Amino acid sequence: MKMDLEQLRKTAAEVVARDDVKYLVGWKQGTYGYRVAPGFVEDAAGAAELIFSPLCTANLATYLTLVEELPIPRGQEPDDRKVAVMVKGCDSRAVTQLIVEKGIKKDEVVVIGCPCPGVVDPNLLAEKYPETEDQVEMKWNGEGFLLLRGGEETKIARDEVLAEKCRLCRYPNPVYSDIMLGDPVEPWETDEDKGVEEVEGKDVEERAEYWAEQFDKCVRCYSCRNVCPLCYCQDCVLDRLNPTWVNRAVNFSENTAFNIARAFHLGGRCIECGECERVCPANIPLGKINRKLAREVRDKYGFEPGVDPDAEPFQASFKPDDPEEFIL
Amino acid sequence: MSAEFNPNIVAFLCNWCSYAGADLAGTSRVNYPSNIQIIRVMCSGRVNPLYVMNALQQGADGVLVSGCHPGDCHYMEGNFFARRRLGMLKDLMEFVGVDPKRFHMSWVSASEGHKWKEVVEKTVEDAKEAGPFEGFRRRQIDW
Amino acid sequence: MSAMLLNKEKWPEFVGKLTGKKVWAPQADSEGMRFALLAEGEAPVPDYNNTRVPPKGVLFPQTETMLKFQVKATEVDEPELDQETVVLGLRPCDARAMAIVEKLFKWDIDDPYFIKRRDMVTLVGLACNDPGLNCFCPSVGGSPASTEGLDLLMVDLGENYLLEAVTGKGEALLKEMGDLLSEAGADEAKEKEKLVKEAEGKIKRTVDTEGVPEGLPGLWEDPLWGKVSASCLGCGTCTYLCPTCHCFDIQDEVEGFDARRCRTWDSCMFGEYTLHTSGHNPRPTRKERTRNRINHKYSYYVDKFDVIACVGCGRCSNLCPVNIDIIDTIRQVKEAL
Amino acid sequence: MTEKPKVGVYVCHCGINISSTVDVEAVAEFAGKLPDVKVAKTYSYMCSDPGQTLIKKDIEEHGLNRVVVASCSPRMHEPTFRKAISEAGVNPYFLEMANIREQCSWVHEEIEEGTAKAKKLVSASLAKVRLLEALETTEVDAEPAALIIGAGIAGIQAALDIADAGFKVYLVEKTPSVGGRMAQLDKTFPTLDCSACILTPKMVDAASHPNIELLTYSEVEEVTGFIGNFDVKVRKKARYVDFDKCTGCGDCAAECRVKDRFPSEFDQGMGKRSAIYLPFPQAVPAKYTIDAENCLYLSKGKCGKSPKCQDVCGAGAINFDQEDEMVEFKVGAIIVATGFDPFDASRKPEYGYDDYPNVITGMEMERLVSASGPTGGKIKVNNGEEEIEPKEVALIKCVGSRDASVGNEYCSRVCCMYVAKQAHLLRDKLPDANIRIYYMDVRAFGKGFEEFYDRVRRENVRYIRGNPSEIFKRGNKLVVKVEDTLNSRPLEDEVDLVVLGVGLEPRADMREIMELLRLSQSPDKFFLEAHPKLRPVDTATDGIFLAGCAQGPKDIPDTVAQAKGAAASAMIPLARGKVTINAQVAIVNEATCRGCGYCVNICPYTAIEMITINRFGNEVEVARVNEALCKGCGSCSAGCFSDSIQPKSFRDSQILPQIAALGVMR
């Protein structure tokens with residue numbers, strides 16, 4: 001599949017030229033190496049810098065709710081213009097779920113959908129093809145990827161560097177968008193979720209040990225929470241001191257509590273974009289926890305978040321015949 | 001050691017069914033283990049699933065949540081929400097390595113004093129099997 | 001000061017002779033590398049680029065108990081901090097950071113916790129032969145073999161480590177090793193010089209900080225802050241992983257009747273860092289917070305202590321989830337001047 | 001915000017109910033050392049007057065502003081102590097009870113464990129009481145009307161009392177006529193009054209009372225709201241007969257093409273009725289109803305050339321286009337008087353009720369002896385071969401009562417006497433018959449009951465102590481196999497008629513009402529009263545009361561007494577015109593609410609709505625609670641990710657310290 005960059009930039013320029021659009025969030029070339037940065041575009045010049053490539057891992061939907069609302073001086077009107085955002089398949093589920101949860105309203109956003117054949121895991125890529133200071137270009141190339149660096153072209157097999165979330169992806173095409181770019185991609189056969197199964201395969205004590213090691217590393221930088229498009233409370237309970245759900249102290253106990261609480265709050269809401277795991281500076285496999293819950297919710301309750309903007313939120317609804325085999 | 005281990009169990013009971021059921025067990029002089037301490041809430045739907053985590057963190061070896069049978073909720077639907085939330089929590093806790101024996105949920109009606117006894121016995125027995133909860137307890141050893 | 005040689009094969013013995021001291025060394029775990037206490041008998045050879053989390057926690061733990069007490073009582077227990085400690089194989093940038101932070105902790109008020117730990121620690125650095133992608137220490141006054149803050153510098157010469165004492169503490173440690181070491185000669189000194197030069201040559205990403213400390217205040221209202229911070233998630237990655245960031249928060253934690261007062265790292269990138277009880281926040285958005293982070297490192301600290309509070313370790317650039325790259329930011333500042 | 005907590009802890013001995021298993025002095029001593037506790041005392045009965053006075057005095061002397069009472073269940077005495085401290089000037093919601101009786105001393109044996117647990121419970125209560133908030137109750141108007149569900153004798157009596165007091169009553173009856181079970185009875189024990197004779201005047205009164213709106217052949221579909229303000233929806237089922245035009249002449253039933261084809265409900269299936277029918281001659285209202293299932297025209301679409309009933313009805317009352325009608329109204333109180341079902345004798349197959357026509361139930365016997373019954377009061381039974389007048393009669397008591405094998409452990413309270421009464425009536429009609437009663441015990445506890453039992457025995461009715469194990473056929477006789485337990489002799493008595501003294505069971509359709517009104521069941525599956533002794537007509541839901549056999553088996557005088565009690569209780573809010581709104585409602589922190597609307601979805605009372613507020617110039621949506629509708633269940637709160645909605649008195653900030661207190665004291 002070839003992403004037509006011309007079309008993308010043209011569309012972006014048109015969108016930001018609209019009177020009712022404040023700015024557009026897309027992806028742009030990062031400052032060095034494999035980095036891709038979120039680009040905040042307000043004009044045609046900015047639009048010309050946008051890219052869409054296998055390096056565009058970030059889920060930009062998080063920027064829809066990340067904005068801090070400043071007090072508006074008397075006599076001034078709030079800026080009610082829309083924010084445009086470019087989304088991959090997984091990202092679009094975040095937008096959908098935000099609509100379900102009233103985090104955003106449909107008419108507050110312009111969603112530009114980008115069918116996505118799968119992105120790379122930047123760590124895997126850097127491990128196999130060491131990162132240098134040179135900026136690179138990366139493209140989808142038939143079944144694989146093409147890395148262009150310093151005039152050199154390297155073909156990389158898809159399986160070699162494909163991100164884990166993409167191996168499991170069932171929604172490569174945006175489920176919700178106002179504007180769709182390019183043609184839909186053919187969904188692919190998904191792998192078994194080996195990461196989750198591996199942990200499930202352990203006995204309970206081994207699992208405790210496994211997670212103890214993981215949570216012990218947590219530095220509580222809250223990047224997992226902040227990057228999550230669905231963690232959009234202005235005032236997170238886990239920051240709160242009265243009542244204190246989780247102490248500020250960074251130790252295994254509080255870290256575990258933090259991680260359990262975070263994962264639980266995403267139960268039936270996580271759309272498996274994998275951002276939490278990507279951004280974790282301690283390399284904690286947060287995706288496994290989220291995917292585990294997502295799978296339970298899908299298998300046991302027949303519910304999948306972020307696919308239907310008119311759905312009832314999972315944690316705010318029930319079915320009379322919800323499973324209860326665990327109840328005494 | 002395990003024979004002498006006396007688990008500390010925190011239970012959350014809805015006011016209308018399970019708490020009344022536990023009261024009935026008392027009125028009927030049903031004898032059961034004293035390991036269980038009850039916190040009364042108006043409805044099992046009030047039980048924030050994170051209470052379970054919090055109780056374990058703060059020193060409980062086991063947690064029980066009990067409400068009205070499906071369809072009997074004094075507030076119509078609270079126990080359905082509790083069931084969904086706590087069912088999910090149980091999956092999560094198990095996955096992160098908390099022994100599922102440490103957390104139980106039950107339906108006990110106001111008339112089921114004897115069932116209450118059975119539930120307590122099962123909860124205590126399971127917590128004993130699981131042993132003292134060291135996991136992510138907010139211990140003072142690393143202070 | 002003396003320079004000695006240690007054959008790498010004798011490394012375990014070298015480490016073994018430190019018994020009785022707490023020894024921190026870089027160790028591999030599922031995160032990559034991090035500094036952890038060595039268990040008895042362990043002596044991993046420090047072969048790494050750098051740890052994700054800097055070793056600043058040795059002197060300034062992420063969470064430390066300041067005192068313990070009982071509810072309704074008047075007596076307090078203070079922690080004992082007089083255990084001799086050695087940090088093995090930390091990078092010169094991280095050691096430099098400790099020296100920079102020390103200025104703050106010894107400034108208007110002596111911080112007893114930091115100072116006590118500093119007094120008890122011997123820092124054994126390892127010069128960088130192979131700097132990482134985002135290393136830029138020379139741009140901010142450092143070097144791959146800087147000895148600032150160190151008591152002893154090790155240079156990997158292949159078969160041997162060259163050990164150069166920097167302070168009396170380093171000297172003493174060398175003495176303790178006795179005949180495990182042999183005298184180093186002029187060849188080794190030359191070899192070291194060559195390696196350092198090579199290392200410096202490998203540093204590609206550099207930035208000119210000339211005029212930045214003086215110029216930053218004039219850029220207070222510059223649009224660059226809005227641009228730089230637009231993608232910021234407001235997480236603590238850059239500050240927590242920064243070897244010179246030293247902000248903390250103090251909390252009382254109560255468990256039943258037992259309580260402790262503890263301090264934990266805090267981050268100026270968090271909204272509630274400057275949040276007032278009234279609800280007012282003088283740094284209400286990520287823009288003000290980002291601006292503060294750069295200004296603090298490159299301007300305020302220079303004003304106060306005459307040194308840039310950035311050692312060029314590159315961690316924040318490496319690990320920022322959204323490519324907020326301090327090298328690029330300073331370049332933008334420079335351009336805007 | 002509030003002044004520093006000064007807590008008084010009061011540990012009750014409850015005679016020896018608590019103190020025998022809990023060292024109350026040790027608990028008080030322990031409590032005295034806890035933070036913020038100013039006084040900790042014990043007393044023999046905290047709930048007694050002197051006990052309450054002790055608390056009040058301490059409040060005055062020590063300036064206490066919070067109170068922990070460690071005694072019985074808060075379900076028992078929370079209101080008592082709330083009242084007490086409020087009389088001493090402390091907000092009633094600054095109270096927390098530690099349940100050291102029902103959930104401690106009564107269920108544990110060792111004093112060490114009881115004491116240890118009591119200490120933990122007290123410290124948990126203390127942890128919470130320190131953080132409670134003062135709450136104020138508010139009042140709203142109460143609708144001066146009542147809904148009564150079920151128009152048997154209980155419903156009718158309650159309706160008449162309330163209506164007589166001047167309040168509007170909506171009396172809803174599922175069947176086409178009021179009267180209920182009592183209308184089916186022949187004579188009543190022990191006075192032998194004719195049941196119909198004493199009931200029908202009341203039925204007529206109810207129908208004609210200006211304050212009573214009678215809704216027969218109707219079902220309650222939906223009840224929302226709360227005490228003083230219930231919104232009720234009732235479905236008036238289509239009768240296909242114009243209620244106003246029908247004169248009750250009966251021409252239609254007489255001419256119905258399927259005349260007398262269907263078992264009459266009123267006659268327990270022993271008699272027959274037409275598709276258009278009046279349940280019984282004295283039915284009120286005396287209006288005919290078409291049974292749509294059996295009516296040829298309504299079920300098949302065709303009834304000859306034209307429906308006969310329509311042809312013959314002089315008043316032109318037949319209306320096949322009639323549809324169910326929804327009626328909506330508002331009431332301040334509700335009385336549930338839905339009655340009982342007789343035990344289904346098929347569930348005791350050993351008695352052959354399904355196999356032998358001459359095995360009948362007590363209810364059938366009532367119709368059989370009734371002069372208005374299917375046989376005109378003649379005792380005729382079919383022994384499988386021919387219709388005979390029985391010479392040998394057996395009456396069996398406790399069928400479906402006091403019988404764990406069918407799940408009914410309770411005594412139905414009426415069978416002893418109605419079986420005696422039926423023996424008496426049979427003796428009247430069959431002077432020469434051999435009448436035996438098989439019994440486990442005879443319980444003749446009511447006024448005039450023992451005398452009546454003596455009288456029946458003197459009438460040559462044999463009481464045989466034994467519970468028959470089997471009834472089977474031998475020739476044209478039924479054999480009652482039983483052991484006479486007084487002389488340990490096995491008997492096989494051959495009889496012509498067996499009357500099964502079936503007990504009373506909760507109605508098969510009671511679940512609908514349970515779900516409609518959110519009521520609970522007691523172990524016997526009848527509706528659960530709020531307190532078995534002190535609030536026998538109340539339910540757990542304010543403003544909803546119980547009357548008659550819906551709450552448990554009882555005879556007519558007890559039913560009437562309870563109906564009057566329920567009526568009196570129901571009239572309290574109606575007469576006061578105001579009700580107090582629960583103060584323990586949820587409240588939203590609008591500063592942290594993220595406006596996701598989860599709570600709105602969760603709330604079963606539609607008590608939460610989204611509103612737009614101005615947050616420093618920005619318009620944001622947040623949740624807001626309608627306090628009059630909120631019940632304080634807190635389901636919203638557990639579903640709120642930002643902790644922004646919290647039920648007062650059960651806030652996270654109040655519960656987490658409780659958890660901590662229990663956890664830390666391992």
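Domain bounds, as used in these legends, come from an automatic or database domain assignment. The model shown in every view is predicted.

**View 1. The two domains of chain A.** The domain assignment divides chain A into domain 1, residues 1-191, and domain 2, residues 192-328. Between the C-alpha centres of domain 1 of chain A and domain 2 of chain A, the distance is 24 Å. To the contact, domain 1 of chain A contributes 23 residues, and domain 2 of chain A contributes 23 residues.

**View 2. The side of domain 1 of chain A that touches domain 2 of chain A.** On this side, helix H3 (89-100) and helix H6 (164-167) of chain A each supply at least two residues. The most is given by H3(A), with nine residues. Sorted by class, this side of domain 1 of chain A comprises ten nonpolar, seven polar and six charged residues.

**View 3. Two packed helices in chain D.** Two packed helices are described by the angle between their axes and the distance between the axes. Helix H1 (residues 24-32) of chain D packs against helix H5 (residues 111-129) of chain D at an angle of about 35°, and their axes are 9 Å apart. H1(D) and H5(D) form a right-handed crossing.

**View 4. The residues that join H1(D) to H5(D).** From H1(D), the contact is made by D:Ala26, D:Val27, D:Phe30 and D:Ala31. From H5(D), the contributing residues are D:Thr115, D:Ala118, D:Lys119, D:Val122 and D:Leu126. By class, the residues of the contact of H1(D) with H5(D) are seven nonpolar, one polar and one charged.

Conventions: Residues are numbered from 1 along each chain as its sequence is written. Chains are lettered from A and ligands numbered from 1 in the order in which they are written. This is a predicted model: local features need pLDDT of at least 70, side-chain atom pairs count only at pLDDT 80 or more; totals for chains, interfaces and linings use all residues. Two residues are in contact if their C-beta atoms, placed from the backbone, lie within 7 Å. Helices (H or I, at least four residues) and strands (E, at least two) are DSSP runs, numbered from the N terminus. Ala, Val, Leu, Ile, Met, Phe, Trp, Tyr, Cys and Pro count as nonpolar, Asp, Glu, Lys and Arg as charged, and the others, Gly among them, as polar. Axes are lines fitted to C-alpha atoms, for helices over the stretch in contact, and angles run from 0 to 180 degrees between N-to-C directions. A crossing is left-handed if the near helix is turned anticlockwise from the far one by less than a right angle, and right-handed if clockwise.
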